Amino acid sequence: MTRPVAPQARTWVGRPIRRLEDAALVRGRGRYTSDLPAALWVRFVRSSVASGHILRITAPAGAHMITAADLEAVQPIRPMLHKFNYVPIAQPILAREVVRFVGEPLAAVLASSPDAAEDLADQVEVEIESRPAVAEAEAALAPGAALVHAEATGNVVVTAQVKTPGYDAAAAAA
Amino acid sequence: MTDKIDITLTINGRAHALQVEPRRTLVDAIRDQCGQTGTHIGCEHGVCGACTIIVDDQAVRSCLMFAVQADGCRIRTVEGLADGDTLHPLQQAFITHHGLQCGFCTPGFLMLAVHALERNPNLSDDEMLDLLSSNLCRCTGYQNIVKAVRSAAAELRQSKAP
């Protein structure tokens with residue numbers, strides 16, 4: 001057994017801190033986003049296929065629907081890692097032209113109640129031209145495998161080897 | 001679809017008279033119509049266990065029950081665990097053993113484990129793991145949850161000992 005290293009004075013790291021929020025959380029008195037009152041409710045329409053090209057998304061009459069076309073000004077989520085030579089993959093807020101996994105959000109439907117939003121989302125018509133999908137890491141690396149992200153050649157995002165300083169000494173002493 | 005039905009949900013001893021559509025889930029009725037937001041909705045299809053409550057002495061996933069099915073039943077939720085300012089031993093054990101971080105899954109774990117320990121405070125470690133594996137936590141890695149339940153079980157056994 002190793003003993004915990006005595007923390008240096010006046011540092012937060014390595015020191016047990018009494019959490020202030022637990023007494024409320026264990027009583028069910030947390031306030032999460034879904035606990036707050038809301039004027040509008042959202043329901044997402046999701047892809048039923050793992051890979052494909054979006055041909056059409058049609059909203060039912062009277063529905064307030066948002067798709068990628070409405071989010072031109074919203075940047076996709078893009079990881080910013082500076083340490084590695086890697087291909088940054090952009091994740092769209094809502095799928096744009098391409099779907100890459102089952103459950104990927106395609107559209108958001110807004111309504112005045114969760115039930116109404118659910119009903120309207122159920123009536124959204126989605127047409128997707130299905131394409132070959134890669135379901136496993138090894139299959140993704142096989143020559144000629146379908147590309148999940150066009151910008152990541154061979155489905156490789158990063159190739160890296162990491163060795164922490166002191167590893168050799170620690171391994172030798174283990 | 002929109003025809004509503006009169007029901008009464010008795011939550012932690014308090015009766016709530018409601019009108020609900022037949023399709024309304026129990027958890028939605030508890031949260032939205034009874035204002036008891038301690039019970040959380042995670043996956044909405046019975047996988048994560050965040051919505052676990054006790055209905056007539058059975059631990060159930062309230063996202064998989066319709067509110068109309070619980071008409072007249074005795075419902076217990078996380079809000080009813082503490083006795084005034086005194087936390088239930090399991091609530092205290094979750095704090096002591098760091099069995100929570102964001103706290104979203106906690107009410108479900110608490111109700112699941114309280115129900116099991118009330119039936120059998122002598123759960124073996126294997127039984128405890130089997131029980132707790134039915135709920136999901138994305139923060140803690142489960143070890144501290146297991147420690148908390150084990151510790152509360154010991155305390156409950158002690159308090160019941162002659």
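Author: Salt bridges and their surroundings

A salt bridge joins the side chains of Arg23(B) and Glu21(B), with N and O 2.8 Å apart. The model is a predicted one.

A second pair within chain B consists of Asp125(B) and Arg150(B), whose side chains meet at 3.0 Å, N to O. This bridge links distant parts of the chain, since Asp125(B) lies in helix 4 of chain B and Arg150(B) in helix 5 of chain B, 25 residues apart. Both partners are partly exposed, with a relative accessible area of 40% for Asp125(B) and 36% for Arg150(B).

In chain A, Arg19(A), Glu21(A) and Asp22(A) are linked in a network of salt bridges.

Over all chains the count comes to 14 salt bridges. One pair crosses between chains: Glu44(B) lies in the loop between helix 1 (26-33) and strand 3 (52-55) of chain B, and its partner Arg43(A) lies in strand 1 (residues 41-46) of chain A. The closest N and O atoms of Glu44(B) and Arg43(A) are 3.7 Å apart, which is a salt bridge because the limit is 4 Å. Glu44(B) is partly exposed, with a relative accessible area of 46%, and Arg43(A) is likewise partly exposed, with 28%.

The interface of chain A and chain B holds four salt bridges by this rule, and nine residue pairs in polar contact are counted between the two chains. On the side of chain A that touches chain B, helix 1 (22-25) and helix 2 (114-123) of chain A are the elements that give two or more residues. By class, that side has eight charged, five nonpolar and two polar residues. The contact takes 15 residues from chain A and 26 residues from chain B. The area buried between the chains is about 1,700 Å², and carbon and sulfur atoms give 46% of that area. In chain A, the residues that lose the most area to chain B are Val26(A), Arg27(A) and Tyr32(A), together 36% of what that side buries.

In the largest nonpolar core, of 34 residues, the members that touch the most others are Leu90(B), Phe94(B), Leu132(B) and Val149(B). Helix 2 (89-96), helix 3 (106-119), helix 4 (125-132) and helix 5 (143-160) of chain B each supply at least two residues of this core. The largest share, eight residues, comes from helix 3 of chain B. Leaving aside residues up to four places away in sequence, Leu90(B) touches Leu110(B), Ala113(B), Val114(B), Ala148(B), Val149(B) and Ala152(B). Another core lies apart from the largest one; it has 17 residues, including Ile11(B), Val55(B), Val60(B) and Cys73(B).

His16(B) counts as buried because its relative accessibility is 8%. Beyond residues up to four places away in sequence, it touches Ile7(B), Thr8(B), Leu9(B), Ile11(B) and Cys34(B). Among these, Ile11(B) is also a member of the core of 17 residues.

Methods: Residues are numbered from 1 along each chain as its sequence is written. Chains are lettered from A and ligands numbered from 1 in the order in which they are written. This is a predicted model: local features need pLDDT of at least 70, side-chain atom pairs count only at pLDDT 80 or more; totals for chains, interfaces and linings use all residues. Side-chain values use heavy atoms; hydrogens and water are left out. Contact means heavy atoms within 4.5 Å. Buried area is the accessible area (1.4 Å probe) that two parts lose on being put together, summed over both. A polar contact is a pair of N or O atoms within 3.5 Å; within protein, one must be able to donate a hydrogen and the other to accept it, and residues adjacent in sequence count only if both atoms are side-chain atoms. Helices (H or I, at least four residues) and strands (E, at least two) are DSSP runs, numbered from the N terminus. Ala, Val, Leu, Ile, Met, Phe, Trp, Tyr, Cys and Pro count as nonpolar, Asp, Glu, Lys and Arg as charged, and the others, Gly among them, as polar. A nonpolar core is a set of buried Ala, Val, Leu, Ile, Met, Phe, Trp, Tyr and Cys residues joined through side-chain atoms within 4.5 Å. Buried means under 20% relative accessible area, exposed over 50%, partly exposed in between (1.4 Å probe, protein chains only).
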